[in-house]
Each structure stands twice: as structure tokens, then as C-alpha cells.
Amino acid sequence: MSNGRFILLACLVGVALVGASTFVTNEYYVFAAYFVLQYVVLATAWNILGGYVGYVNFGTTAFLAIGLYSAAALNKWLDLPIPVLIPIAGVLCGAVGLAMGYLTIRLRGVYFTIATLALSVVVQTFITNWDYVGGSRGIYIMRPTDAPVFGSYVAYLFFLMTVLAVASVIVARVIERSTFGFGLAAIRDDETAAAASGVPVLRLKLVAAAISGALMGMAGAPLPFYLTYVEPTSSFSLAYTVNSVAMPLVGGTTSWLGPVIGAVLLGTMQQAMTVLISSSVNLLVVGVLLVIFVIAAPNGILGLIRSLGGKKVDPETNPLAAMLVTEKRSSP
Amino acid sequence: MTTEASPAVANDLILDARGITKRFGGFVALNNVDLAVRPGERLGLIGPNGSGKSTLTNCLCGALKTDGGSISFAGRAIDSLSSYQRARLGLGRSFQLPRPFHSLSLLDNLRIPLVYAVNARGGTHLTEPQIRARSTELLGEFGLGGKLHRLPGDLTQVEMRKLELARAMATDPTLLVSDEALAGLSHSEVDEILALLLALNKRGVAVIFIEHIMRAVMAFSERLVVLVAGEKIADGAPKDVIADERVIGAYLGQ
């Protein structure tokens, strides 16, 4: 499928989602769907650095919280609308991603991961001590009662998050098929060999880190308006980090589809469990699932489908199956 | 015995490395090593295990920073250039243990250097169909034409070596540093790879041939350099070098 057709298809899915949401009378379901879509963005963003390049980032909360708090602070100061806050958060978090990358991306494996974890702690300490946004007390965000075009504000937020989710999936898919994406795959497989083949390893890694950070930050910008009250402890919840790592791993990290499958599956399951059982069981189940997948299906659901489906799928006659079963990016 | 490149011919050299020194902590891996290669030359580089051959390769190709000396390639100082920039200039290398891109098909393994080295070099710009044609052609030359869409994991040991060489050749180098391309191969496989290297050289690619298999080294090399404990102890015509008593001493023990 060409990029153009994919973009069209992704946009149609987005329109369908927003359209469907207008028929839902119980607002809770729209809230829940927002939560799932937010994880589509976070998981997709994480996967650009974690899956495509193989750098495991445990700093999701740092980027999400920078997006969240920059939106909260700018809203308090200048009363800017969300569509303006989103790109600002993106630029800010892209810069943080670039800086983090520059300082840490020469580290490999677990050392890089620890450095990203440290970033979360640094940002959390900073925000906890930032009085303007309430410090550890937190800050209330006044949600306007009516929203542009959409009747309810929740519907408006859902629309924005759908746009972000569609955009991030498009970004991931375009990267995957691009020269840049092939360079990232080469780096993931072998950095030294990639450099010997002319791949500017450091530069590509930095660009990936910046894109990944920017998308995470943009996901955070509408969040204060969704929650209406934010404080550091819940903003830096371990759940964001664990989920954004677990979702791509469960879905499959080598394709854009993996994080989407993981986010929809785990995100929906967590929402259901929050309602049906208890909100604290969520992470336990995610943890158990992660362990099961790492042991039984290290290449995620996509990897599982590929190994079951074999390699004999003709992309001309069956493009969807070929997309699922394509051997191009499967790990050995 | 040792033939130093005189300043008059220095400009004719494709590679001119002088006084290369590399230390790992207190251990001197390379001590003041000079290495000159003429365009299209077949240079054998031998030495016992741990003598610094691979370290020298890494220093030349930019994977390691040197602690002393200077390297110029095609008349240009490359000391401050990183690996990928040297590859783009035409300094290719193949690794001792094949390091293919495991998640990419054979075609895409070659696509990486074609896009990132050849196209990034300036001048020619290969289009998508040209990239595909060129990688198909190269894989065919290396006897991998039937496995274009396979993953490297499906290859045999000797095929993996061929892929390693094909990928190095896809950078379109003027100098190829081949680091033990024959290690662990059978007698007939050695001949097969050797023939491929000779064919590459016929097209004008200079080759630094690092090898332990003396039969292959003697068959391939026009000139032989011997490295022992990080120092160059001999440099000259192969038959003279292997008759040198210091070389014999180094290999057989004094």
C-alpha cells in the first residue's frame, strides 16, 4: 500500500471514530476511548525509538508530563487554546528528546534505559517544586463549558486525540517505509555495520529521539483539560511508562501496527478492569501479560501471526495479509 | 626490505597512514605503524593473533579513534571523519565476523549502503529501480541471486561471507579492507571467495587483505605487510617477506 493510500485510509478511520463517538450517549465511553487513543499515540511514539532503533526508553512520563504541564502553565498564563498548545508541547518535547538523545544515546542497552528513567525523576522533581503550576498541591484547569464546533468539550477532546493518534500512526508508517526508516532498522540490527555502510548513526538516532519525544509531548497537551486537575504523583504515574513499553512489545515492535494493536488491546482491557474489578489490578495484569509475551511470543502478536501464517503470502493478491505476514521486518 | 613511500609518490597513494598509534589503557595495540596502499593494489596484511590487525582496520575505517598518527585517503586527511563519512568517501570494509542487518532481506541489506553511501556521496543519484537493479546485480555476482528476499538468518556460513563482501562492495569503494573473509571456510570455499576478491580487484578496487590462511595470502597479495605485537616488522614482496627471519621468528617463535 502506498503512503498516499495509507494516509487516506488512516484519515477515514479517524473520521469514522469521531463520527461514531457522536452517537454514544454515555460520555464515559468517550472518556475511555480517549484514554485508549492516548495510548495509541504514546505506544506509537515509544516504538519509533524503542522498536525501530532498539533504544528502550523508560522516560515516557517525562515527555508526557512536560507536554501536560507546559499546556497547563501556558493555559494559565496566556489562556491559549489546545490546538495551539499541542504544537508548542511538541516542539518543547522534541527539543528535550534531542537533548536527552545527545547526552545519552551513545549509551547502549540498559545504560540508556537507566538514563531515561533518571530524566523522569529530574523532570518530576522540577515540576514538584514549580509553584506556578501548583507544585505538589497540583493545579485545577478550568474547562470551557462549550467547545468550538463540537457540542461538548469531551467530544472536542476526543476529536483532538483522534487527530493526534491518526497523525502519529501516519508518521510511524511513513518512517517505516522511508530511507530514514531503513537506516534506523540497520542501526537497530548493527550500529557498527550501519556506520560502515555510510549510515550517519548518531544523527538518525537523534532525529528518532526528537520525533518520539515530540509525539509523546503532544499527547500530553490535551491531558490537563481531560483530567481538569493535575498533580505530579499521578502525572508521573508508572502506568504511562509501563504501558508505553508493554503495548508495543505485546503488539510487535517492528511495524506501526504492533503498538496500535497493543494499545487498543491493553488500553481497552485496563479500562474494563478499572470498572469491573479495581483500578489497582490494571498494572498487575499488564505485568503478567508482558512476562507471558516476552517468554512465549517475544515478537509480539504480529510476530505470532507471522510465524503461524508462514511466509507464502502474495502481496499483490492479498495486501492485508501480506502486511501482517510480511517477512521484511521480522526478527530472526 | 621495508619500502617507505617517498614523498614524490605520496600523491599516488589511495591510503597513506603514518605513525598510527593506538593504546587501550596501558596496552599499546599499535605502535607507530605506517601503511601505504596504491590505487588498485592487492596488499596482504598478516600477523599472529593479537598483533593489531583488526585494531588497525578499526582505526583506518574510523570505528576507533587513534592516539597518534595521521591517515589520509584519496589525498584527503580523514582523521577527524567518522566511520560513515569514510565509507562515503570510498573506504569500504567487511567484518571478520559477518554483521548483516538481520531484520532486512538480502536486497535491503545492500540497499542500505547504496542509499546511505553511494547516493549520499554526491554526483550520481541512484533512483529506486536503479538501487534494486544494482543490489540484484551485486547479489547475483556473489552467487546469492536466488535468495534476494531471504533474511540473512537463512544463509549458510559461506553465503554470509559473500553477503558481507557484497554489502561492502555496494558502498562502491576504491579501497576495500577485508578482515579475515576466509576464516572458518573449507578449502573450496576459500577458493570461491578468493576468486571473488580477485574479480573485484580487477575492476580497480584496491584491497587490504587480512588473512591467516597463508596459501590464500600468497596467491592474492602483490605486497605483504607483517604486523607483530602492534609493530610493522616487514613490508615488501611476499616471497621476500616470508623469507625474512624476523617474520619466521614471529610465527614460529625465536
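**Close-up 1. D172(B) in the loop between α5 (157–170) and β7 (175–179) of chain B.** The model shown in this and the following views is predicted. The phi angle of D172(B) is near 55°, a positive value in a residue other than glycine. Most residues other than glycine have a negative phi. D172(B) counts as buried because 20 C-beta neighbours lie inside 10 Å, and 20 or more is the criterion for a buried residue.

**Close-up 2. A229(B) in the loop between β9 (223–228) and β10 (231–236) of chain B.** Although A229(B) is not a glycine, its phi is positive, at about 50°. A229(B) has 15 other C-beta atoms within 10 Å and is therefore classed as partly exposed; this category covers counts between the limit for exposed residues, 12 or fewer, and that for buried residues, 20 or more.

**Close-up 3. R111(B) in helix α3 of chain B.** The helix that carries R111(B) comprises residues 106–118. Because 25 other C-beta atoms are found within 10 Å, R111(B) is buried. When neighbours within four places in sequence are left aside, R111(B) is in contact with I131(B) and S135(B) of chain B and with F182(A) of chain A.

**Close-up 4. R111(B) and A170(B), a pair separated by 59 residues in sequence.** Computed along the chain is one matter; in space, the C-alpha atoms of R111(B) and A170(B) are 8.1 Å apart. R111(B) belongs to helix α3 of chain B, whereas residue 170 is the last one given for α5 (157–170) of that chain.

Note on methods:
Residues are numbered from 1 along each chain as its sequence is written. Chains are lettered from A and ligands numbered from 1 in the order in which they are written. This is a predicted model: local features need pLDDT of at least 70, side-chain atom pairs count only at pLDDT 80 or more; totals for chains, interfaces and linings use all residues. Helices (H or I, at least four residues) and strands (E, at least two) are DSSP runs, numbered from the N terminus. Two residues are in contact if their C-beta atoms, placed from the backbone, lie within 7 Å.
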